[in-house]
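Let's take a walk through this one together, from the overall fold down to individual side chains. Have the viewer open and follow along.

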Amino acid sequence: MTDWFCLDCRFPTQLNKHGYCARCGSDGVAPPTVRTKTEAEYEVELLERLYERSEG
């Protein structure tokens, strides 16, 4: 069975028998080909941009 990505708990997960996230029960799941950024990834991007500005 293919892992899905839960938009609520932010983890790859399986679907339960109702088509919801098996971890948290959310219906906000995306196919494995769709990947959203986690909060940490947004923070890293922001810090990298701030660092680039401070060097220039």
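The areas come from the Shrake-Rupley method with a 1.4 Å probe, and for residues only the protein chains shown count as cover. This is a predicted model, so local features need pLDDT of at least 70 and side-chain atom pairs count only at pLDDT 80 or more, while totals for chains, interfaces and linings use all residues. Residues are numbered from 1 along each chain as its sequence is written, and side-chain values use heavy atoms, with hydrogens and water left out.

Now the layout. The protein chain has one helix and three strands, and along the sequence they run β-β-β-α. These are DSSP runs numbered from the N terminus: helices are H or I with at least four residues, strands are E with at least two. Of the 56 residues, 16% count as buried, where buried means under 20% relative accessible area, exposed over 50%, and partly exposed in between (1.4 Å probe, protein chains only). The chain exposes about 4600 Å², with carbon and sulfur atoms supplying 54% of that.

Which residues make up the nonpolar patch on the surface? Leu-46, Leu-47 and Leu-50 do, with about 290 Å² of accessible area together. Leu-47 belongs to helix α1, residues 39–55, and counts as exposed because its relative accessibility is 55%.

Arg-49 and Glu-45 form a salt bridge at 3.6 Å, N to O; the rule asks for a side-chain nitrogen of Lys or Arg within 4 Å of a carboxyl oxygen of Asp or Glu. By this rule the count is one. The two partners sit four residues apart in α1, about one turn of the helix. Arg-49 is partly exposed at 44%, and Glu-45 is partly exposed too, at 27%.

Leaving aside neighbours within four places in sequence, Ser-26 is in contact (heavy atoms within 4.5 Å) with Cys-6, Asp-8, Tyr-20 and Cys-21.

One last stop: the charged end of Arg-23 sits over the ring of Phe-11, 4.1 Å from its centre. That label requires NZ of Lys or CZ of Arg within 6 Å of the ring centre and within 35 degrees of the ring normal.

Notes
Patch = residues over 30% accessible without salt bridge, like charges linked within 9 Å, V, L, I, M, F, W, Y side chains within 5 Å.
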